[in-house]
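Visitor: I have a new model open and would like to learn how to read it. Could you walk me through it?
Guide: Gladly; let us look at it together.

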Amino acid sequence: MADKKWEGTTYGNSLMHKWLIKLLQVIDIRMVYIFTYVFVIPPCLFRPGFKPIYHYFRQRWGYGPIRSFLKTYQNHCMFSQVVIDRFAKYAGKRFEVRIEGYEHFQHLSNQKEAFIQLSSHIGNYEMAGYSLISKEKTINALVFFGEKESVMKSRGEMFSDKNIKMIPVKEDMSHLFMIDQAIGRGEIISMPADRVFGSPKTVDVNLLGAKASLPLGPFNLAAIRKLNVLAINVMKISWNAYNIYVTPLHYDTNAPRKQQIEELSSAYAAETERILKLYPAQWYNFYNFWES
């Protein structure tokens with residue numbers, strides 16, 4: 001069984017990241033894709049992350065062994081594109097982006113109350129920060145504190161003029177105070193809701209026909225503060241284009257808190273499953289996500 005622990009950091013060192021950014025400033029991004037497919041991805045198929053993705057296709061989608069292996073290779077290639085695309089943005093490259101459901105984001109941005117937008121480790125959520133922008137509210141994005149300094153610096157530079165503030169998740173739980181203050185100011189909280197790190201408390205949902213555990217925190221926060229919630233998924237549709245899906249997650253804010261959490265987490269799981277049925281190869285949780 002693969003280790004469920006996620007390190008939460010981009011592969012490589014700062015020098016490698018800086019070199020990649022400079023390279024992407026002068027060459028076609030597709031050349032980097034091809035190099036990665038041929039020289040980088042094949043060795044990765046022997047790393048621990050291979051088996052969970054292979055089982056994802058075998059068990060969750062019911063594919064045969066050969067198709068599952070080929071889909072696992074495709075998944076790794078797609079993930080390499082996501083990583084490269086992030087650095088391509090740092091290098092000044094442009095991507096076409098279409099937003100489905102933008103009116104939901106715009107409506108909540110125009111309200112005085114805070115709201116939450118939940119992401120998943122599918123597609124390329126970071127791309128939302130360049131297109132899904134609110135002039136009325138600051139977006140407070142939770143990020144893993146252990147991320148590479150070069151990545152954090154590049155993100156900070158790219159988001160500096162987009163009304164986005166990054167909140168690092170630390171072991172001292174100081175991020176909770178920053179979240180509370182942001183909610184008090186009526187701002188937007190952006191956080192992933194599919195990986196458990198920090199608090200070990202979870203909520204169980206059905207995802208792709210099997211039991212999975214999601215972090216309790218995002219759903220509990222919404223229930224306690226009775227906040228509106230959006231699911232945001234950014235999916236790659238071609239080498240230079242993305243679709244952003246903005247979907248409201250409905251739940252009964254007058255119900256007991258346990259029921260609110262169950263309704264909200266189930267709605268989140270259902271939306272994640274809907275997107276995965278459209279883009280099954282863009283699942284990037286490289287560990288044993290399901291209990292069986």
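Visitor: In which sense do strand β2 and strand β5 pair, and over how many bridges?

Guide: A general idea to begin with: strands of a sheet pair through backbone hydrogen bonds, either parallel or antiparallel. In this predicted model, β2 (residues 115-119) and β5 (residues 188-192) run in the parallel sense, with five bridges between them. To find one of them on screen, look at Ile116, whose bridge partner in β5 is Ile189.

Visitor: Which strands pair with β8, and in which sense?

Guide: β8 shows both kinds of pairing. With β2 the sense is parallel, over four bridges; here Phe115 has Asn228 in β8 as its bridge partner. β8 and β9 form a hairpin, with two residues between them.

Visitor: Why is β8 said to be largely enclosed?

Guide: Of the 11 residues of β8, eight are buried, so the rest of the structure largely encloses this strand. For the chain as a whole, 51% of the 292 residues are buried.

Visitor: How should I read burial along a helix?

Guide: An α-helix has 3.6 residues a turn, so residues three or four places apart point the same way. Now try α10 (257-278): its buried residues include Gln260, Ile261, Leu264, Ser265, Tyr268, Thr272, Ile275 and Leu276. α10 has 22 residues and reaches 32 Å from first C-alpha to last, close to the 32 Å expected at 1.5 Å a residue.

Visitor: What do the buried residues of α3 pack against?

Guide: In helix α3 (residues 50-60), the buried residues are Phe50, Pro52, Ile53, Tyr54, Tyr56, Phe57 and Arg60. They pack against α2 (29-44), α4 (65-90), β6 (202-207), β7 (210-215) and α10. Just after α3, Gly62 has a positive phi of about 75 degrees.

Visitor: How many residues has the largest nonpolar core, and which have the most contacts inside it?

Guide: In soluble globular proteins, nonpolar side chains tend to be buried together. Here the largest nonpolar core has 47 residues, with Ile116, Leu118, Phe219, Trp283 and Trp290 having the most contacts inside it. α10 gives the most to this core, with six residues. Apart from this core lies another, of 29 residues, among them Leu108, Tyr125, Met127 and Ile164.

Visitor: Which residues is Leu118 in contact with, leaving aside neighbours within four places in sequence?

Guide: Among them are Met191, Ala193, Phe219, Val229, Ile232, Leu249 and Tyr268. For the chain, of the contacts between residues at least 6 apart in sequence, 75% join residues at least 24 apart.

Note on methods:
Residues numbered from 1 in each chain as written. Predicted model: local features only at pLDDT ≥ 70, side-chain atom pairs only at ≥ 80, totals over all residues. Heavy atoms only, no water. Pairing = 2+ DSSP bridges. Buried < 20%, exposed > 50% of the residue type's maximum accessible area, 1.4 Å probe, protein only. Contact = heavy atoms within 4.5 Å. Expected span 1.5 Å × (residues − 1). Core = buried A, V, L, I, M, F, W, Y, C linked by side-chain atoms within 4.5 Å.
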